[in-house]
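Welcome, and please open the sequence and the model side by side. We will walk through them together, one region at a time.

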Amino acid sequence: MSRSGVGARRSGLARLGDLAELVRAPAALSVPGDVLVGAATAGTLGRRTPGLAAASVCLYLAGMAANDWADRELDAVERPQRPIPSGRVSPNTALGLAAGLTAAGLGLAAWAGGRRALAVAAPLAGAVWAYDLVAKNGPAGPAAMAACRGLDVLLGATGGSVRRALPAAATVAAHTYTVTALSRREMDGADRRLPVATLAGTLAVAATAAGAQRRQDRGRTGWRGLLPVALAGLYLNHYGRPQVRAARQPDAPQVRAAVGSGITGLPTLQAALTARHGASLPALVLTAAAPLARRLARRISPT
């Protein structure tokens, strides 16, 4: 291969790396679990689930690209190493990528789940863009992001009873609220009361995940009966300990560490909720995704 060919190949790989950094690719591993939780709680895990999960990932990555496009001027001051302010990705590319991924997400939702799925995916896409462009920096920011994750869970339930998935959606939304509230202070540090409050929320989320059992599953014994409790404990350990450290020393590095743990720990929470509703094998797959997300997060920051 000629030197020009090698250079072009390296340039292409570098550009893919820049785009992966733009959309915070490792964080996308936390997304399919939302759909799995919704499908498990609604009793509709099946062939449509992967398509809905792919739609969810596209909408999530679109939100990440739109987030950096909206924050490009702020990032030029606070995070000049990010892809847009550093000049590695143009604003037009980021905006086009966000729009294209949104269209792909809506198309996949309609293809996999028909009108019912599109009826949830469309408000989800709207909520993602509203968060990035309007709500993010206001007092409603954490609630808006939590609503996005809650809708994501409901997207997975659209093949069955969406109402049955509401408690699980609220649990995932509550976790997301704590992560988003912390993320707003990851550059300047926080008042000690913030990580204390989010830790209390995390304790409640873990307790709910360990105890939110369907009536028909209450007699289940053996490892399948213990799996949800064990996974809820792993989630609490992974996300709770960094919050304890942030409460003791609420500076920016400790807060960022807690935010990163909240993002990479979400698959374990999703696994606990999925296992609680009888889907043990998908729960174990989600559990395996958690350490992979942490490993990738060392290469590309999810925050």
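A search of the whole structure turns up 11 salt bridges, where a salt bridge is a side-chain nitrogen of Lys or Arg within 4 Å of a carboxyl oxygen of Asp or Glu. Before we visit some of them, note that this is a predicted model, in which local features need pLDDT of at least 70 and side-chain atom pairs count only at pLDDT 80 or more, while totals for chains, interfaces and linings use all residues. Residues are numbered from 1 along each chain as its sequence is written, and side-chain values use heavy atoms, with hydrogens and water left out.

Start with E21 and R82, which form a salt bridge whose closest N and O atoms are 3.9 Å apart. This pair links distant parts of the chain: E21 belongs to helix α1 (residues 3–22), R82 sits in the loop between α4 and α5, and 61 residues separate them. Helices here are DSSP runs of H or I with at least four residues, strands are runs of E with at least two, and both are numbered from the N terminus.

Next, find R79. Its side chain meets that of D75 in a salt bridge (3.2 Å, N to O), and both D75 and R79 are buried. R79 also meets E78 in a salt bridge, at 4.0 Å from N to O. E78 is partly exposed, because its relative accessible area is 31%. Elsewhere, salt bridges that share partners join D18, E21, R24, D68, R82 and R88 into one network.

R24, a member of that network, lies in the loop between α1 and α2. R24 counts as buried because its relative accessibility is 6%. Its backbone deserves a look too: most residues other than glycine have a negative phi, and most peptide bonds are trans. The phi of R24, however, is near 50°, a positive value in a residue other than glycine. A25 is found in the loop between α1 and α2 (32–42) as well, and at 30% relative accessibility A25 counts as partly exposed. A25 and M64 are 39 residues apart in sequence, with their C-alpha atoms 9.0 Å apart in space.

Now step back to the whole chain. The protein chain has 11 helices and 0 strands. Of its 303 residues, 50% count as buried. Among contacts between residues at least 6 apart in sequence, 78% join residues at least 24 apart; a contact means heavy atoms within 4.5 Å. The chain exposes about 13,700 Å², and carbon and sulfur atoms supply 61% of that area, as computed by the Shrake-Rupley method with a 1.4 Å probe.

Where is there empty space? Rolling a probe the size of a water molecule over the atoms shows where such space is left. The largest pocket holds about 970 Å³. A pocket is an open set of points on a 1 Å grid over the protein atoms alone, where a 1.4 Å probe fits, with protein on both sides within 12 Å along at least five of seven lines; lining residues have an atom within 4 Å of a point. The largest pocket is lined by 42 residues, and N67, Y131, M145, T180 and S183 lie nearest its centre. Which helix gives the largest share of the lining? That is α3, with 7 residues.

T180, one of the residues nearest the centre of the pocket, has its place in helix α7 (residues 166–183). T180 counts as buried because its relative accessibility is 6%. Leaving aside residues up to four places away in sequence, T180 touches Y131, G141, P142 and M145.

Our last stop, L182, lies in helix α7 as well. At 0% relative accessibility, L182 counts as buried. Residues that L182 touches, not counting those up to four places away in sequence, include L194, P195, Y239 and V255. The C-alpha atoms of L182 and A197, 15 residues apart along the chain, are separated by 10.0 Å.

Note on methods. Buried means under 20% relative accessible area, exposed over 50%, partly exposed in between (1.4 Å probe, protein chains only). Grid points are joined across faces, edges and corners, and a volume is the space filled by probe spheres set on the points.
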